[in-house]
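Please read these notes with the model open. They cover a ligand site and a pocket.

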Amino acid sequence: METRSVYIETYGCQMNIADTELILGLLKPHGYESAPTPEGADVILLNTCAIREHAEERIVGRLGDLVKHKARKPGVVLGLTGCMAQHHREALLDKAPFLDLVLGPDAYRNLPALLAQESADEPLVSVRLDRDETYADIAPARGEGVRAWVTVMRGCDKFCTFCIVPYVRGRERSVPASALLDQVRALADQGYKEVVYLGQTVNAYRDGEVDFGRLLRQTARIDGIERIRFTSPHPSDMDASAIDAMATCDKVAPYLHLPLQAASNRVLGRMERGYSIEEYAALVDRLRAAIPHLALSTDIIVGFPGEEEDDFRATYDFMAEVRYDFAFMFKYSAREGTRAYKWAETLSEAEKGQRLQEIIRLQEGIGGEINRQRLGQTVEVLVEGPAKKQKDWLAGKDPQFKTVVFPGNGARPGELVPVRVTSANAHTLVGVAERAYPV
Ligand code: 5AD
Ligand code: SF4
């Protein structure tokens, strides 16, 4: 079989990174190798994100750059996969008529066959959503590392009024538990130490009797896997079973990303998030009581249509009260096709920007304070590899998912090293290893 090479550039969330590994896994048996750069690749794919307008603009700009590779060699295929492909479908071909391929998240199985018809004159578009597609039988082609991402469910049924995800990723469906556990056993055999379970509403996972908590408990029994994480859970699905798994399984890391979006009940109601701020706060209390040393992060949107100064203050004050370890904070971006798209925006970009800056400043302060409380303490670091900035240093994560860097002590990736924290900022802990390793 002739070898061809495929270069995939990935945008957006962890699910998309995992989907890129899935696409590579689908193409591998058809003789495709992964190319590190677009130069020289036979197939160039952008695996895209549609969550905010900014993400889409970047991708359109990047397509303009990449089109030159089609002139380089006849037969080079330039394609777009993922959420933006699903969102704009044929309309994309008006903006980028040079595209050969537009493929939505449930259509990746068709990719090898579509690439085999490469002489087609017309662009090939495949964007049918499929209620049953979980790709359970496909082995993703993962990069080397200590952490493996495993998609446990796809799609979302929540339909928050601002969000495009349910439209571009379709309905919720879970991968059978037996397939997942087999996959994790294989990952442990390959030397992975950490699994991260992924899903748009990951804790809505269900396969018959196996709910998300049970899936976590079963995963924790697999030898060789040291840490289990997951993202992103939805507050409304954080049930007793899932909390119990976090509280009782040592391997399930004490870290939870719990998207809040906004703290005023008026805004939460219009977002149709499915919880009140009192319910969310009660959940945080319950989690903190059940799980010692729990780190919490969140997502916040500022400037949702109709967000008044009082509503924004409520979000600011709530963040100050809860004290998240970190937060992903965004300006509202109207997405065509969502319900909120029809609602007039009540803030200018500049006003949204000001609100965003205010909470970023607040969160930076809080994150730094929380991390500095670790000074002098010893944290257990799962080593990932060399630190990015300091030569001969190592980097990894502690159980709370904080990045920790320390002077190399001979430890290899995948080893757990106790590190005493000597300094910290909002994003990184710096320390020294408490144990030296023979080189
Ligand atoms: N505008 C801004 N942020 C959004 N998110 C989702 N949709 C939008 C939107 N239209 C954010 C939410 C979500 C995160 C993944 O992206 O905070 O939790
Ligand atoms: Fe979007 Fe809401 Fe679903 Fe999250 S839960 S993916 S914000 S619709």
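The points below take the basis of the model, then the ligand, then the pocket.

1. This is a predicted model: local features need pLDDT of at least 70, side-chain atom pairs count only at pLDDT 80 or more, and totals for chains, interfaces and linings use all residues. Residues are numbered from 1 along each chain as its sequence is written, chains are lettered from A and ligands numbered from 1 in the order in which they are written, and side-chain values use heavy atoms, without hydrogens or water.

2. The shell of ligand 1 includes Ile51, Arg52, Phe162, Gln261, Asp299 and Tyr332; a shell residue has a heavy atom within 4 Å of the molecule. By class, the shell has five nonpolar, two polar and four charged residues. Strands S15 (295-302) and S16 (326-331) each supply at least two shell residues. Strands are DSSP runs (E, at least two residues), numbered from the N terminus.

3. Arg52 places a side-chain N or O atom 3.0 Å from an oxygen atom of ligand 1. For Gln261, a polar side-chain atom is 2.6 Å from a ligand 1 oxygen. Asp299 has a side-chain N or O atom 2.6 Å from an oxygen of ligand 1. The protein buries 86% of the 400 Å² that ligand 1 exposes when taken alone (Shrake-Rupley, 1.4 Å probe).

4. The second largest pocket has a volume of about 420 Å³. A pocket is an open set of points on a 1 Å grid where a 1.4 Å probe fits, with protein on both sides within 12 Å along at least five of seven lines; lining residues have an atom within 4 Å of a point. Of its 14 lining residues, Lys388, Ala395, Thr403, Val405 and Thr428 are the closest to the centre.

Definitions and conventions. Polar contact = N/O pair within 3.5 Å; in protein donor to acceptor, adjacent residues only side chain to side chain. Helix = DSSP H or I, 4+ residues; strand = E, 2+ residues; numbered from the N terminus. Nonpolar A, V, L, I, M, F, W, Y, C, P; charged D, E, K, R; others polar. Points joined across faces, edges and corners; volume = space filled by probe spheres on them.
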